[in-house]
Amino acid sequence: MRISQLEGRRVALWGWGREGRAAHHAVRVRQPSLPLTLFCNEQEAADAAALGDPLLSVEIEAGAERLSAFEIVIKSPGISPYTPAAVTAAGAGTRFIGGTGLWFGEHAGDDGVVPHTFCVTGTKGKSTTTSLLAHLLRAAGKRTVLAGNIGLPMLEVLDPRPAPDEWAIELSSYQTGDVADSGARPDVAIVLNLFPEHLDWHGSEARYIEDKLKLVMDAHPRIAVLNAAHPRLAALALPHSDVRWFNRDDGWHLREDDLYRGNVFVMDTRPLPLPGRHNRSNLCAVLTALEARGIDALPLAAQAQSFRPLPNRLQTMGTRDGITWVNDSISTTPHATLAALDCFAGRRIALLVGGHDRGVDWSDFAAHMRHDAPATLITMGANGPRIHALLAPVAQEAGFTLIGVETLPEAMTAARGALGGEGVVLLSPGAPSFGQYKDYVARGRHFAELAGFDPDAITAIPGLGLA
(Lines give C-alpha, C1' and ligand atoms only; values in the text may rest on other atoms or scores of the structure.)
Protein backbone atom coordinates (compact mmCIF):
# COMPACT_ATOMS: atom_id res chain seq x y z
CA MET A 1 0.00 0.00 0.00
CA ARG A 2 1.16 3.52 -0.87
CA ILE A 3 0.36 6.63 1.14
CA SER A 4 -1.52 8.00 -1.86
CA GLN A 5 -4.00 5.14 -1.42
CA LEU A 6 -5.07 6.57 1.95
CA GLU A 7 -6.83 9.48 0.24
CA GLY A 8 -10.58 9.54 0.87
CA ARG A 9 -10.45 6.71 3.41
CA ARG A 10 -11.09 6.61 7.15
CA VAL A 11 -7.60 6.41 8.67
CA ALA A 12 -6.35 6.24 12.25
CA LEU A 13 -2.96 6.15 13.92
CA TRP A 14 -2.46 3.80 16.87
CA GLY A 15 0.49 4.72 19.08
CA TRP A 16 2.46 7.95 19.43
CA GLY A 17 6.02 6.87 20.02
CA ARG A 18 8.72 7.69 17.53
CA GLU A 19 7.19 5.35 14.93
CA GLY A 20 3.76 6.94 15.37
CA ARG A 21 5.12 10.46 15.03
CA ALA A 22 7.04 9.42 11.91
CA ALA A 23 3.86 7.98 10.39
CA HIS A 24 1.92 11.17 11.13
CA HIS A 25 4.60 13.32 9.53
CA ALA A 26 4.87 11.12 6.43
CA VAL A 27 1.09 11.09 5.91
CA ARG A 28 0.93 14.85 6.36
CA VAL A 29 3.68 15.38 3.77
CA ARG A 30 1.90 13.22 1.17
CA GLN A 31 -1.73 13.76 2.27
CA PRO A 32 -1.93 17.20 3.96
CA SER A 33 -5.74 17.37 3.94
CA LEU A 34 -6.48 13.83 5.20
CA PRO A 35 -8.37 13.73 8.53
CA LEU A 36 -6.68 11.46 11.07
CA THR A 37 -7.65 10.02 14.44
CA LEU A 38 -4.92 9.15 16.93
CA PHE A 39 -5.34 6.50 19.62
CA CYS A 40 -2.79 6.98 22.42
CA ASN A 41 -2.41 7.47 26.17
CA GLU A 42 -3.01 10.72 28.06
CA GLN A 43 0.62 11.82 28.13
CA GLU A 44 0.99 11.20 24.40
CA ALA A 45 -2.28 13.02 23.75
CA ALA A 46 -0.87 16.22 25.24
CA ASP A 47 2.23 15.88 23.08
CA ALA A 48 0.15 15.32 19.94
CA ALA A 49 -2.12 18.27 20.73
CA ALA A 50 0.94 20.52 20.90
CA LEU A 51 1.47 19.96 17.16
CA GLY A 52 -1.57 22.08 16.40
CA ASP A 53 -2.77 19.81 13.58
CA PRO A 54 -6.44 20.79 13.07
CA LEU A 55 -7.13 17.57 11.16
CA LEU A 56 -5.84 15.30 13.95
CA SER A 57 -8.33 14.21 16.60
CA VAL A 58 -7.09 12.33 19.65
CA GLU A 59 -8.79 9.53 21.59
CA ILE A 60 -7.49 7.71 24.67
CA GLU A 61 -9.23 4.35 24.35
CA ALA A 62 -8.62 2.06 21.35
CA GLY A 63 -11.46 -0.40 21.80
CA ALA A 64 -12.71 -2.83 19.19
CA GLU A 65 -15.75 -0.72 18.32
CA ARG A 66 -13.75 2.44 17.66
CA LEU A 67 -10.99 0.64 15.75
CA SER A 68 -13.66 -1.02 13.59
CA ALA A 69 -14.88 2.41 12.49
CA PHE A 70 -11.74 2.88 10.40
CA GLU A 71 -10.78 1.34 7.09
CA ILE A 72 -7.07 1.58 7.83
CA VAL A 73 -5.18 1.80 11.13
CA ILE A 74 -1.48 2.65 10.96
CA LYS A 75 -0.16 0.77 13.99
CA SER A 76 3.09 1.31 15.88
CA PRO A 77 5.27 -1.84 16.03
CA GLY A 78 5.00 -2.35 19.77
CA ILE A 79 1.22 -2.80 19.59
CA SER A 80 0.30 -6.41 18.94
CA PRO A 81 -2.26 -7.18 16.22
CA TYR A 82 -3.28 -10.19 18.30
CA THR A 83 -4.97 -8.16 21.05
CA PRO A 84 -8.72 -8.88 21.29
CA ALA A 85 -9.61 -5.36 20.12
CA ALA A 86 -7.37 -5.61 17.04
CA VAL A 87 -8.59 -9.12 16.17
CA THR A 88 -12.23 -8.02 16.41
CA ALA A 89 -11.61 -4.92 14.29
CA ALA A 90 -9.70 -6.90 11.68
CA GLY A 91 -12.61 -9.32 11.50
CA ALA A 92 -14.90 -6.36 10.83
CA GLY A 93 -12.75 -5.28 7.89
CA THR A 94 -10.22 -2.86 9.39
CA ARG A 95 -6.79 -3.19 7.79
CA PHE A 96 -3.82 -2.80 10.13
CA ILE A 97 -0.55 -1.67 8.59
CA GLY A 98 2.74 -0.39 9.99
CA GLY A 99 5.04 2.44 9.01
CA THR A 100 7.57 -0.06 7.69
CA GLY A 101 4.94 -1.52 5.38
CA LEU A 102 4.01 1.95 4.11
CA TRP A 103 7.67 2.68 3.38
CA PHE A 104 8.04 -0.52 1.37
CA GLY A 105 4.84 0.21 -0.52
CA GLU A 106 6.13 3.67 -1.40
CA HIS A 107 9.40 2.31 -2.80
CA ALA A 108 8.26 -0.81 -4.64
CA GLY A 109 8.96 -1.02 -8.36
CA ASP A 110 6.57 -2.26 -11.03
CA ASP A 111 7.65 -5.84 -10.30
CA GLY A 112 7.04 -5.34 -6.57
CA VAL A 113 10.75 -5.45 -5.69
CA VAL A 114 12.14 -2.62 -3.57
CA PRO A 115 15.57 -2.25 -5.16
CA HIS A 116 18.83 -1.95 -3.24
CA THR A 117 17.29 -3.10 0.06
CA PHE A 118 19.05 -5.47 2.44
CA CYS A 119 16.61 -6.55 5.18
CA VAL A 120 18.02 -8.30 8.24
CA THR A 121 16.09 -10.20 10.88
CA GLY A 122 16.81 -12.86 13.48
CA THR A 123 16.40 -13.33 17.20
CA LYS A 124 20.01 -12.63 18.07
CA GLY A 125 22.61 -10.35 16.47
CA LYS A 126 20.43 -8.55 13.92
CA SER A 127 21.38 -5.01 14.99
CA THR A 128 25.11 -5.69 14.87
CA THR A 129 24.71 -7.54 11.57
CA THR A 130 22.73 -4.72 9.96
CA SER A 131 25.22 -2.13 11.18
CA LEU A 132 28.14 -4.24 9.95
CA LEU A 133 26.42 -4.60 6.58
CA ALA A 134 26.10 -0.81 6.29
CA HIS A 135 29.75 -0.43 7.32
CA LEU A 136 30.96 -2.79 4.57
CA LEU A 137 28.67 -1.28 1.95
CA ARG A 138 30.12 2.14 2.73
CA ALA A 139 33.62 0.66 2.58
CA ALA A 140 32.70 -0.48 -0.93
CA GLY A 141 31.90 3.12 -1.83
CA LYS A 142 28.11 2.80 -1.56
CA ARG A 143 26.13 5.67 -0.07
CA THR A 144 24.02 3.70 2.44
CA VAL A 145 21.11 4.30 4.81
CA LEU A 146 21.19 2.37 8.10
CA ALA A 147 17.64 2.37 9.50
CA GLY A 148 14.70 0.36 10.80
CA ASN A 149 14.38 -1.32 14.17
CA ILE A 150 17.97 -0.33 14.99
CA GLY A 151 16.76 3.14 16.01
CA LEU A 152 15.57 5.08 12.95
CA PRO A 153 12.00 4.48 11.71
CA MET A 154 11.79 3.92 7.97
CA LEU A 155 9.27 6.73 7.51
CA GLU A 156 11.83 9.18 8.91
CA VAL A 157 13.93 8.43 5.83
CA LEU A 158 11.11 8.36 3.31
CA ASP A 159 12.94 10.51 0.76
CA PRO A 160 16.53 11.09 1.87
CA ARG A 161 18.68 13.48 -0.13
CA PRO A 162 20.98 12.73 -1.79
CA ALA A 163 19.38 9.45 -2.78
CA PRO A 164 21.24 6.45 -1.30
CA ASP A 165 22.80 3.65 -3.29
CA GLU A 166 21.77 0.99 -0.74
CA TRP A 167 19.51 0.45 2.28
CA ALA A 168 20.57 -1.63 5.31
CA ILE A 169 17.33 -2.27 7.23
CA GLU A 170 16.89 -4.08 10.53
CA LEU A 171 13.47 -5.67 11.02
CA SER A 172 12.07 -7.01 14.26
CA SER A 173 9.45 -9.73 14.43
CA TYR A 174 6.95 -6.88 14.91
CA GLN A 175 7.83 -5.55 11.44
CA THR A 176 8.50 -8.57 9.21
CA GLY A 177 4.77 -9.07 8.74
CA ASP A 178 4.40 -5.42 7.72
CA VAL A 179 6.78 -6.00 4.83
CA ALA A 180 4.85 -9.07 3.70
CA ASP A 181 1.49 -7.29 4.05
CA SER A 182 2.72 -4.31 2.01
CA GLY A 183 2.77 -6.39 -1.14
CA ALA A 184 6.37 -5.34 -1.77
CA ARG A 185 9.37 -7.65 -2.13
CA PRO A 186 12.75 -6.95 -0.49
CA ASP A 187 15.72 -7.14 -2.80
CA VAL A 188 17.74 -9.17 -0.26
CA ALA A 189 16.39 -10.68 2.98
CA ILE A 190 18.70 -12.19 5.61
CA VAL A 191 17.49 -14.47 8.41
CA LEU A 192 20.18 -15.16 11.01
CA ASN A 193 18.58 -17.47 13.60
CA LEU A 194 15.36 -18.25 15.45
CA PHE A 195 14.83 -18.67 19.19
CA PRO A 196 11.73 -18.10 21.38
CA GLU A 197 11.19 -14.36 21.84
CA HIS A 198 8.44 -11.75 22.34
CA LEU A 199 5.90 -14.40 23.29
CA ASP A 200 3.67 -11.83 25.00
CA TRP A 201 3.31 -9.90 21.71
CA HIS A 202 2.97 -12.92 19.39
CA GLY A 203 0.99 -15.12 21.77
CA SER A 204 3.01 -18.30 21.23
CA GLU A 205 6.39 -19.55 20.07
CA ALA A 206 4.83 -21.00 16.93
CA ARG A 207 3.32 -17.66 15.97
CA TYR A 208 6.60 -15.87 16.68
CA ILE A 209 8.41 -18.20 14.28
CA GLU A 210 5.64 -17.80 11.72
CA ASP A 211 5.73 -14.00 11.95
CA LYS A 212 9.51 -13.88 11.77
CA LEU A 213 9.60 -16.08 8.68
CA LYS A 214 7.02 -13.96 6.86
CA LEU A 215 9.99 -11.94 5.59
CA VAL A 216 11.06 -14.86 3.41
CA MET A 217 7.96 -17.09 3.27
CA ASP A 218 5.37 -14.40 2.41
CA ALA A 219 7.32 -11.35 1.20
CA HIS A 220 9.14 -13.43 -1.45
CA PRO A 221 12.46 -11.54 -1.51
CA ARG A 222 14.40 -11.64 -4.75
CA ILE A 223 17.35 -13.12 -2.80
CA ALA A 224 17.05 -14.94 0.55
CA VAL A 225 20.21 -15.40 2.65
CA LEU A 226 19.78 -18.13 5.25
CA ASN A 227 21.81 -19.74 8.02
CA ALA A 228 22.54 -23.32 6.98
CA ALA A 229 23.58 -24.17 10.54
CA HIS A 230 20.08 -23.50 11.88
CA PRO A 231 17.89 -26.62 11.37
CA ARG A 232 14.61 -24.75 11.00
CA LEU A 233 16.08 -22.38 8.41
CA ALA A 234 17.97 -25.15 6.62
CA ALA A 235 14.68 -26.96 6.04
CA LEU A 236 12.95 -24.02 4.31
CA ALA A 237 11.87 -24.24 0.68
CA LEU A 238 11.55 -20.83 -1.00
CA PRO A 239 10.59 -21.34 -4.64
CA HIS A 240 10.06 -17.61 -5.23
CA SER A 241 13.57 -16.58 -4.12
CA ASP A 242 17.17 -17.17 -5.07
CA VAL A 243 18.40 -18.82 -1.85
CA ARG A 244 22.00 -18.30 -0.72
CA TRP A 245 23.45 -20.06 2.33
CA PHE A 246 26.01 -19.02 4.90
CA ASN A 247 27.65 -21.24 7.52
CA ARG A 248 28.00 -23.92 4.86
CA ASP A 249 31.30 -25.41 3.67
CA ASP A 250 30.84 -24.32 0.06
CA GLY A 251 30.31 -20.65 1.03
CA TRP A 252 31.22 -18.19 3.76
CA HIS A 253 31.66 -20.01 7.07
CA LEU A 254 33.80 -20.25 10.21
CA ARG A 255 36.10 -23.09 11.12
CA GLU A 256 36.64 -22.55 14.82
CA ASP A 257 37.44 -18.81 14.69
CA ASP A 258 38.86 -18.72 11.16
CA LEU A 259 36.85 -17.22 8.30
CA TYR A 260 36.70 -19.25 5.09
CA ARG A 261 35.17 -18.73 1.64
CA GLY A 262 34.71 -22.33 0.55
CA ASN A 263 38.12 -23.91 1.11
CA VAL A 264 39.95 -20.57 0.97
CA PHE A 265 41.20 -19.21 4.30
CA VAL A 266 40.43 -15.49 4.61
CA MET A 267 41.37 -14.40 8.14
CA ASP A 268 41.30 -15.05 11.87
CA THR A 269 38.15 -13.40 13.23
CA ARG A 270 39.19 -13.25 16.89
CA PRO A 271 40.75 -9.76 16.67
CA LEU A 272 37.62 -8.30 15.06
CA PRO A 273 35.52 -5.87 17.11
CA LEU A 274 32.56 -8.24 16.92
CA PRO A 275 31.56 -9.37 20.42
CA GLY A 276 30.66 -13.05 20.59
CA ARG A 277 31.24 -15.87 18.16
CA HIS A 278 27.65 -15.54 16.93
CA ASN A 279 28.41 -12.04 15.66
CA ARG A 280 31.58 -13.23 13.93
CA SER A 281 29.48 -15.98 12.37
CA ASN A 282 27.02 -13.36 11.20
CA LEU A 283 29.86 -11.68 9.31
CA CYS A 284 29.43 -14.69 7.01
CA ALA A 285 25.80 -13.64 6.45
CA VAL A 286 26.86 -10.13 5.48
CA LEU A 287 29.54 -11.33 3.07
CA THR A 288 27.11 -13.82 1.52
CA ALA A 289 24.51 -11.07 0.99
CA LEU A 290 27.04 -8.73 -0.59
CA GLU A 291 28.24 -11.47 -2.89
CA ALA A 292 24.67 -12.35 -3.86
CA ARG A 293 24.17 -8.76 -4.99
CA GLY A 294 27.27 -8.89 -7.19
CA ILE A 295 29.60 -7.01 -4.84
CA ASP A 296 33.12 -8.45 -4.46
CA ALA A 297 33.00 -9.51 -0.82
CA LEU A 298 36.48 -10.97 -0.44
CA PRO A 299 38.41 -7.67 -0.17
CA LEU A 300 35.66 -6.21 2.05
CA ALA A 301 36.06 -8.87 4.75
CA ALA A 302 39.12 -7.13 6.17
CA GLN A 303 37.11 -3.88 6.52
CA ALA A 304 35.32 -5.49 9.48
CA GLN A 305 38.43 -4.60 11.48
CA SER A 306 37.36 -0.93 11.49
CA PHE A 307 33.77 -1.65 12.56
CA ARG A 308 32.59 0.19 15.69
CA PRO A 309 30.59 -2.06 18.05
CA LEU A 310 27.07 -1.01 19.00
CA PRO A 311 26.05 0.14 22.49
CA ASN A 312 24.18 -2.17 24.87
CA ARG A 313 25.37 -5.26 22.99
CA LEU A 314 28.14 -7.06 24.87
CA GLN A 315 29.61 -3.61 25.39
CA THR A 316 32.67 -3.53 27.63
CA MET A 317 32.36 -0.10 29.22
CA GLY A 318 35.61 -0.24 31.19
CA THR A 319 37.15 -1.29 34.48
CA ARG A 320 36.58 0.26 37.90
CA ASP A 321 38.39 -0.96 41.03
CA GLY A 322 39.36 -4.25 39.44
CA ILE A 323 35.89 -5.03 38.08
CA THR A 324 35.11 -5.00 34.34
CA TRP A 325 31.61 -3.83 33.56
CA VAL A 326 29.85 -5.27 30.49
CA ASN A 327 26.55 -3.88 29.23
CA ASP A 328 24.46 -6.38 27.28
CA SER A 329 21.14 -4.73 28.09
CA ILE A 330 19.68 -5.61 24.70
CA SER A 331 19.73 -9.29 25.70
CA THR A 332 16.06 -10.27 25.97
CA THR A 333 16.23 -14.07 25.68
CA PRO A 334 17.97 -16.77 27.74
CA HIS A 335 19.75 -17.86 24.54
CA ALA A 336 21.30 -14.40 24.20
CA THR A 337 22.45 -14.57 27.81
CA LEU A 338 24.13 -17.93 27.20
CA ALA A 339 25.95 -16.45 24.20
CA ALA A 340 27.11 -13.54 26.35
CA LEU A 341 28.43 -15.90 29.03
CA ASP A 342 30.37 -17.82 26.40
CA CYS A 343 32.23 -14.63 25.45
CA PHE A 344 33.72 -14.46 28.94
CA ALA A 345 34.43 -18.14 29.49
CA GLY A 346 37.23 -18.63 31.97
CA ARG A 347 36.61 -15.29 33.71
CA ARG A 348 35.15 -14.82 37.19
CA ILE A 349 31.67 -13.50 36.41
CA ALA A 350 28.75 -12.05 38.32
CA LEU A 351 25.79 -12.38 35.93
CA LEU A 352 22.67 -10.20 36.26
CA VAL A 353 19.48 -11.71 34.78
CA GLY A 354 15.77 -10.98 34.86
CA GLY A 355 13.27 -8.29 33.93
CA HIS A 356 9.79 -8.24 32.44
CA ASP A 357 8.12 -11.66 32.57
CA ARG A 358 6.59 -12.73 29.27
CA GLY A 359 6.51 -16.45 29.95
CA VAL A 360 9.75 -17.52 28.24
CA ASP A 361 10.99 -20.95 29.30
CA TRP A 362 14.34 -20.80 31.17
CA SER A 363 14.79 -24.58 31.52
CA ASP A 364 17.47 -24.78 28.79
CA PHE A 365 19.35 -21.99 30.52
CA ALA A 366 19.12 -23.86 33.83
CA ALA A 367 20.45 -27.02 32.18
CA HIS A 368 23.50 -25.08 30.92
CA MET A 369 24.14 -23.76 34.42
CA ARG A 370 24.83 -27.30 35.59
CA HIS A 371 28.18 -27.21 33.78
CA ASP A 372 28.78 -23.60 32.56
CA ALA A 373 27.65 -21.39 35.42
CA PRO A 374 29.20 -18.06 36.43
CA ALA A 375 30.70 -17.64 39.88
CA THR A 376 27.65 -15.64 40.95
CA LEU A 377 24.21 -15.38 39.38
CA ILE A 378 21.87 -12.62 40.50
CA THR A 379 18.18 -12.61 39.60
CA MET A 380 16.07 -9.45 39.54
CA GLY A 381 12.90 -7.94 38.09
CA ALA A 382 9.41 -9.35 37.66
CA ASN A 383 10.55 -12.78 36.49
CA GLY A 384 13.49 -12.88 38.91
CA PRO A 385 11.68 -15.02 41.52
CA ARG A 386 10.62 -17.55 38.86
CA ILE A 387 14.17 -17.83 37.50
CA HIS A 388 15.56 -18.01 41.05
CA ALA A 389 13.22 -20.87 41.98
CA LEU A 390 14.24 -22.79 38.86
CA LEU A 391 17.96 -22.27 39.51
CA ALA A 392 18.00 -22.88 43.28
CA PRO A 393 18.49 -26.69 43.09
CA VAL A 394 20.94 -26.26 40.20
CA ALA A 395 23.04 -23.79 42.18
CA GLN A 396 23.22 -26.18 45.11
CA GLU A 397 24.28 -29.00 42.81
CA ALA A 398 26.74 -27.03 40.65
CA GLY A 399 28.18 -24.92 43.46
CA PHE A 400 27.65 -21.36 42.21
CA THR A 401 26.29 -18.50 44.30
CA LEU A 402 22.67 -17.56 43.61
CA ILE A 403 21.30 -14.24 44.89
CA GLY A 404 17.79 -12.85 44.43
CA VAL A 405 17.02 -9.10 44.50
CA GLU A 406 14.32 -6.83 43.09
CA THR A 407 16.11 -3.98 41.32
CA LEU A 408 19.17 -3.32 39.18
CA PRO A 409 20.89 -1.14 41.84
CA GLU A 410 20.48 -3.96 44.37
CA ALA A 411 21.85 -6.44 41.85
CA MET A 412 24.93 -4.31 41.20
CA THR A 413 25.61 -3.92 44.90
CA ALA A 414 25.35 -7.69 45.32
CA ALA A 415 27.65 -8.23 42.32
CA ARG A 416 30.34 -5.93 43.72
CA GLY A 417 30.22 -7.71 47.04
CA ALA A 418 30.37 -11.15 45.46
CA LEU A 419 33.37 -10.40 43.23
CA GLY A 420 35.38 -8.61 45.90
CA GLY A 421 37.26 -6.38 43.46
CA GLU A 422 38.13 -8.93 40.78
CA GLY A 423 36.11 -10.18 37.81
CA VAL A 424 33.36 -9.21 35.38
CA VAL A 425 29.90 -7.85 36.12
CA LEU A 426 27.80 -8.87 33.11
CA LEU A 427 24.36 -7.35 32.63
CA SER A 428 22.72 -9.77 30.19
CA PRO A 429 19.16 -9.95 31.50
CA GLY A 430 17.59 -12.40 29.04
CA ALA A 431 14.35 -10.45 29.46
CA PRO A 432 12.82 -7.12 28.38
CA SER A 433 13.07 -4.05 30.58
CA PHE A 434 9.40 -3.09 30.64
CA GLY A 435 7.96 -2.26 34.04
CA GLN A 436 11.16 -0.85 35.51
CA TYR A 437 12.54 0.91 32.42
CA LYS A 438 11.18 2.44 29.23
CA ASP A 439 13.39 0.22 27.09
CA TYR A 440 16.74 -1.60 27.01
CA VAL A 441 18.55 1.68 26.28
CA ALA A 442 17.26 3.24 29.50
CA ARG A 443 18.27 0.10 31.39
CA GLY A 444 21.75 0.22 29.86
CA ARG A 445 22.13 3.91 30.69
CA HIS A 446 21.20 3.27 34.32
CA PHE A 447 23.65 0.38 34.48
CA ALA A 448 26.42 2.61 33.10
CA GLU A 449 25.61 5.40 35.55
CA LEU A 450 25.56 3.05 38.55
CA ALA A 451 28.90 1.58 37.46
CA GLY A 452 30.46 5.05 37.29
CA PHE A 453 30.44 5.64 33.51
CA ASP A 454 28.94 8.44 31.44
CA PRO A 455 25.64 7.10 30.04
CA ASP A 456 25.68 9.63 27.19
CA ALA A 457 28.98 8.20 25.96
CA ILE A 458 27.60 4.69 25.48
CA THR A 459 24.26 5.19 23.72
CA ALA A 460 25.04 6.61 20.27
CA ILE A 461 24.68 4.13 17.39
CA PRO A 462 27.54 4.64 14.93
CA GLY A 463 26.55 5.26 11.33
CA LEU A 464 22.79 5.59 11.82
CA GLY A 465 21.03 7.24 8.88
CA LEU A 466 22.55 8.18 5.54
CA ALA A 467 26.31 8.11 5.09
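How many bridges join β12 to strand β13? Four, and the two strands run antiparallel. Before going further, the ground rules. This is a predicted model, where local features need pLDDT of at least 70, side-chain atom pairs count only at pLDDT 80 or more, and totals for chains, interfaces and linings use all residues. Residues are numbered from 1 along each chain as its sequence is written, and side-chain values use heavy atoms, with hydrogens and water left out.

Helices (H or I, at least four residues) and strands (E, at least two) are DSSP runs, numbered from the N terminus. Two strands pair if DSSP finds at least two bridges between them.

Back to the sheet. It is open, has three strands in the order β12-β13-β14, and its pairing is antiparallel. β12 (252–255) and β14 (264–268) are the edge strands, each pairing on one side only. From one strand to the next, the twist averages 30°. Axes here are lines fitted to C-alpha atoms, for helices over the stretch in contact, and angles run from 0 to 180 degrees between N-to-C directions. Strand β13 covers residues 258–261, and in β13 the bridge partner of L254 is L259. Helix α11 (residues 277–292) packs on this sheet and touches β12, β13 and β14, where contact means heavy atoms within 4.5 Å. The direction of α11 makes about 155° with that of β12.

Next, charges over rings. The criterion is NZ of Lys or CZ of Arg within 6 Å of the ring centre and within 35 degrees of the ring normal. R255 lies over the face of Y260, at 4.0 Å from the ring centre. The charged end of R207 sits over the ring of Y82, 3.9 Å from its centre.

Now ring pairs. Rings of Phe, Tyr and Trp (its six-membered ring) pair if their centres lie within 6.5 Å; planes under 30 degrees apart are stacked, over 60 edge-to-face, and the rest tilted. By this rule there are seven aromatic pairs. One of them is F39 with F70: the centres are 5.8 Å apart and the planes are at 90°, so this pair is edge-to-face. F39 lies in strand β2 (residues 36–39) and F70 in the loop between α3 (64–67) and β4 (72–75), so the pair ties together parts 31 residues apart in sequence. Buried means under 20% relative accessible area, exposed over 50%, partly exposed in between (1.4 Å probe, protein chains only). F39 is buried at 1%, and F70 is buried at 9%.

W325 and F447 also make an edge-to-face pair, because their ring centres are 5.9 Å apart and their planes are at 65°. W325 is in strand β16 (residues 323–327) and F447 in helix α16 (residues 440–451), so parts 122 residues apart in sequence are tied together. W325 and F447 are both buried. Ring pairs also link W103, F104 and W167 into a cluster.

Last, the two single residues. Is S329 buried or exposed? S329 is buried, because its relative accessibility is 0%. S329 sits in the loop between β16 and α12 (334–343). Not counting residues up to four places away in sequence, S329 touches N312, L427, P429, Y440, R443 and G444. A polar atom of the S329 side chain lies 3.4 Å from the backbone nitrogen of G444.

E65, in helix α3, is exposed, with a relative accessible area of 72%. E65 and A89 are 24 residues apart in sequence and 7.1 Å apart in space, C-alpha to C-alpha.

Notes: A polar contact is a pair of N or O atoms within 3.5 Å; within protein, one must be able to donate a hydrogen and the other to accept it, and residues adjacent in sequence count only if both atoms are side-chain atoms.
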